[in-house]
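Please go through them with the coordinates open.

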Amino acid sequence: MAAKKEGVTYEEIIRAVRAGDYAPVYYLMGEESYYIDKVSEFIVDSVLKEDQKDFNLTVCYGTDVTVDDVINAAKRYPMMSDRQVVLVREAQNLPGKERLSFYLEHPQRSTVLVLCHKHGVLDRRKKLAMDIQKVGILFESKKMYESQLPGFVTAYLRRKGITMEPNAVMMMCEFVGSDLSRLSGELDKLILSLPKGMTRIQAAFVEQHIGISKDFNNFELVSALVVKDILKVNRIVKYFNDNPKKFSLQLTLSVMFGFFSNLMVAYYAPQRTEEGIADWVEQPRWQVSRNILPAMQKYSGVKVMQIIGKLREMDAKSKGLGNTIATPGDLLKELTYFILH
């Protein structure tokens, strides 16, 4: 695989590996573990057949080996195979990893060296990072923004021949959050639970198998706030207050902050059309149509700014700043009252 400059994507790596175009070294780093695991697993399974792994797959951990151990393993020749794979997990803990630069001057062409560095990155200004980019792949797996999660869910299911209704997508994203490993695991559970022949997942199915209420969740709370449905808002708040194990104030605040922040940005869209706002705030058109446009009719820009300020205040209080007695349910009641009045 030809050496790539900064910015190589997951899809580019998978496409090249699938085509048999291997780089001598892959340094996989970043805050999002999901893509690091997926790329490393795909490389191993693509380079080596199952019966070749016993002699040609070396797996080690940065906490247990030295950089010299890794280099010596990488310099070995494969046995009864064209290539071998040396996989280094927890590479962030590998001492003296800078000395890998000496190996990269003349890497063993029959070796595919994969280093997995989670929860951090190499300094791209340092020599090792630049040397990796010269001969191999330096890939950063970044945390996904909340606005990108629905697209991830939809694409993940599409590859498996499954679709999911928009409400169900939002319920999954809000319930699980941005942990892609957990999110993909929950999606796999849903797929396995589907009756034979069913290829579309409805919100009721998600509620049944994941334990999310289709009537009492953050998505429905935001929808009720959008149209100022006081009765529905109060019912959801009461449900959260009565079921503290099913309610996370931090998650609710995060969802609400995301929505009202997007609403604030929408006021500055050059074109106040559904398509124009969707492009401007980088949200699906159906979400703009369902929530943002109606909310723009109910809330002024000034009120939205005040709401965002109140959300920050509630976040601070939920963490104990200036609050000693209010429960999460009390804080949510105070917040929703402020939003609605």
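**Notes on a predicted model**

1. N218 lies in helix α11, helices being DSSP runs of H or I with at least four residues and strands runs of E with at least two, numbered from the N terminus. This is a predicted model, in which local features need pLDDT of at least 70 and side-chain atom pairs count only at pLDDT 80 or more, while totals for chains, interfaces and linings use all residues. Residues are numbered from 1 along each chain as its sequence is written, and side-chain values use heavy atoms, with hydrogens and water left out.

2. N218 is buried, with a relative accessible area of 9%, where buried means under 20%, exposed over 50% and partly exposed in between, for a 1.4 Å probe and protein chains only. Leaving aside neighbours within four places in sequence, N218 is in contact (heavy atoms within 4.5 Å) with E174, F240, L251, T252 and V255.

3. The axes of helix α8 (residues 166-176) and helix α11 (residues 218-226) come within 8 Å and cross at roughly 115 degrees; axes are lines fitted to C-alpha atoms, for helices over the stretch in contact, and angles run from 0 to 180 degrees between N-to-C directions. N167, M170 and E174 of α8 make this contact with N218, F219 and E220 of α11.

4. For the chain as a whole, the secondary structure comes to 17 helices and seven strands, and 49% of the 341 residues count as buried. Along its principal axes, the C-alpha trace spans about 70 × 50 × 45 Å.
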